[in-house]
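Hello,

Here is the structure I promised to pass on to you. Please open it beside this email, and then read on for what turned up in it.

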Amino acid sequence: MNILITGANGQLGSALREASNGSIHHYIFTDVEELDITSAVAVDEIIKREEIEVVVNCAAYTAVDRAEEEVDTADKINHLAVANLAKSCAKHNATLIHISTDYIFDGEATSPYTEDSAPAPLNIYGRTKLAGECAIAESGCRHIVIRTSWLYSQFGHNFCKTMRRLSATESSLRVVCDQVGTPTYAGDLAEAIVHIIESNQLSKCGTYNFSNEGVCSWYDFAVEIARLSGNTACAITPCRSEEYPTKAIRPRYSVLSKEKFSQSFSIEIAKWQESLKKCIERLKE
Ligand SMILES: NC(=O)c1ccc[n+]([C@@H]2O[C@H](COP(=O)([O-])OP(=O)(O)OC[C@H]3O[C@@H](n4cnc5c(N)ncnc54)[C@H](OP(=O)(O)O)[C@@H]3O)[C@@H](O)[C@H]2O)c1
């Protein structure tokens with residue numbers, strides 16, 4: 001099977017390179033230099049030429065705060081380009097695995113969001129990602145949309161790497177404690193995606209949630225990152241979102257229910273602390 005990965009130099013794309021290592025299938029890794037997903041012609045051409053059966057779209061505009069100012073760019077990548085991918089997948093009979101976000105929700109819930117919960121994004125990033133999901137549904141292509149949250153890894157820029165660095169160099173840090181969700185180790189999500197492909201479960205189309213198990217605040221997450229990194233000299237104190245204003249409003253609660261995912265694909269999902277330990281070990285190497 002020929003599998004096209006877009007946005008392959010990002011966190012999830014890099015994790016997919018590792019997770020697919022040794023597969024009998026042919027994974028083709030592309031980032032914007034090889035394949036700019038905003039080019040409908042280029043997308044259609046590669047899917048046809050390489051006889052692609054599965055596209056895993058890891059490409060995205062992920063700068064949540066910058067998106068408030070760069071609305072058109074965020075929309076072009078997270079919505080219009082996704083519509084291109086979906087149309088080409090429909091035309092060439094390929095399955096699209098697409099990654100979406102917890103930021104499509106408004107965070108007003110008090111229990112985990114299911115795949116059927118009503119979306120109501122609070123910021124531009126969330127709106128453009130939701131528009132991408134809708135474009136996929138409208139295209140009629142076979143698809144698996146996976147909504148994830150708080151993605152981190154040993155690759156690229158993310159909260160885990162930033163907190164690990166800051167807790168090693170600063171004597172004190174303040175981290176918001178009133179935004180609650182679940183971190184997702186990109187390695188776990190990549191392994192789950194490869195499992196779906198390799199175990200031939202691509203016909204289980206629909207929308208799914210995936211994050212690690214458990215619930216924490218960004219403050220809890222930061223404390224555990226510092227502890228596992230051995231950075232005990234840094235005093236981390238909780239603060240409220242109002243004390244740390246950002247351009248984009250973020251949901252206060254974005255815990256995702258993973259029941260549908262784990263039951264459908266027979267996958268046991270690790271607790272966030274266990275996976276964080278794996279990531280910190282990788283960062284120590
Ligand atoms: N990060 C999170 O916390 C988070 C949370 C929930 C959901 N998600 C979703 O999870 C997915 C993977 O996220 P990630 O953290 O791995 O993202 P990432 O690290 O930002 O990687 C995205 C990759 O896509 C590339 N890209 C941007 N525009 C492109 C284009 N026009 N054509 C081709 N490639 C392009 C980026 O290149 P440049 O770096 O050069 O722009 C980057 O290499 C995304 O769909 C994201 O929305 C992420």
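**Salt bridges, the ligand and one asparagine**

Glutamate 224 is buried, with a relative accessible area of 14%. Keep in mind as you look around that this is a predicted model.

The partner of glutamate 224 is arginine 227: their side chains meet in a salt bridge, at 3.0 Å from N to O. Arginine 227, with a relative accessible area of 51%, is exposed, whereas glutamate 224 is buried. Why are arginine 227 and glutamate 224 separated by about one helical turn? Because they are three residues apart in helix α7, which covers residues 218-229.

Some salt bridges also share partners, and in this way Asp178, Arg240, Glu242 and Arg252 are joined into one network. How many salt bridges does the count come to? The count comes to 17.

In one of them, glutamate 18 and arginine 282 meet through their side chains, with 2.9 Å from N to O. This pair links distant parts of the chain, 264 residues apart: glutamate 18 is in helix α1 (residues 11-19) and arginine 282 is in helix α9 (residues 272-284). Are these two buried or exposed, or something in between? Glutamate 18 has 38% relative accessibility, so it counts as partly exposed. Arginine 282 counts as partly exposed too, at 29%.

In the other pair, aspartate 65 forms a salt bridge with arginine 250, and their closest N and O atoms are 3.0 Å apart. Again distant parts of the chain are linked, here 185 residues apart. Aspartate 65 is in the loop between β3 (54-57) and α3 (71-91), while arginine 250 is in the loop between β12 (235-239) and α8 (259-265). Aspartate 65 counts as partly exposed because its relative accessibility is 24%. Arginine 250 has a relative accessible area of 19%, so it counts as buried, the cut-off for buried being under 20%.

The space that the ligand takes is the largest pocket. Which elements give two or more residues to the shell around the ligand? They are α1, β4 (95-101) and α4 (124-139). The largest share of that shell comes from β4, with three residues.

In total, 25 residues surround the ligand, and the closest are Leu12, Asp31, Thr62, Tyr125 and Lys129. Two of these names come back when you look at single atoms. In the side chain of threonine 62, an N or O atom is 2.7 Å from an oxygen atom of the ligand. Tyrosine 125 has a polar side-chain atom that lies 2.7 Å from an oxygen atom of the ligand. For glutamine 11, a backbone N or O atom lies 3.0 Å from a ligand oxygen atom. How much of the ligand does the protein bury? The ligand taken alone exposes 900 Å², and the protein buries 77% of that.

**One more residue to look at**

Last, have a look at asparagine 2, whose place is in strand β1 (residues 2-6). A polar atom of the asparagine 2 side chain lies 2.8 Å from the backbone oxygen of glutamate 50. The side chain of asparagine 2 also reaches the backbone oxygen of glutamate 51, at 3.3 Å.

Enjoy exploring, and write back with any questions!

Best wishes

How values were computed: Residues are numbered from 1 along each chain as its sequence is written. This is a predicted model: local features need pLDDT of at least 70, side-chain atom pairs count only at pLDDT 80 or more; totals for chains, interfaces and linings use all residues. Side-chain values use heavy atoms; hydrogens and water are left out. A salt bridge is a side-chain nitrogen of Lys or Arg within 4 Å of a carboxyl oxygen of Asp or Glu. Helices (H or I, at least four residues) and strands (E, at least two) are DSSP runs, numbered from the N terminus. Buried means under 20% relative accessible area, exposed over 50%, partly exposed in between (1.4 Å probe, protein chains only). A residue is near a molecule or strand if one of its heavy atoms lies within 4 Å of it. A polar contact is a pair of N or O atoms within 3.5 Å; within protein, one must be able to donate a hydrogen and the other to accept it, and residues adjacent in sequence count only if both atoms are side-chain atoms. Accessible areas come from the Shrake-Rupley method with a 1.4 Å probe; for residues, only the protein chains shown count as cover. On a 1 Å grid over the protein atoms alone, a cavity is a set of points where a 1.4 Å probe fits but cannot get out, and a pocket is an open set with protein on both sides within 12 Å along at least five of seven lines; lining residues have an atom within 4 Å of a point. A molecule sits in a cavity or pocket if more than half of its atoms lie within 2 Å of its grid points.
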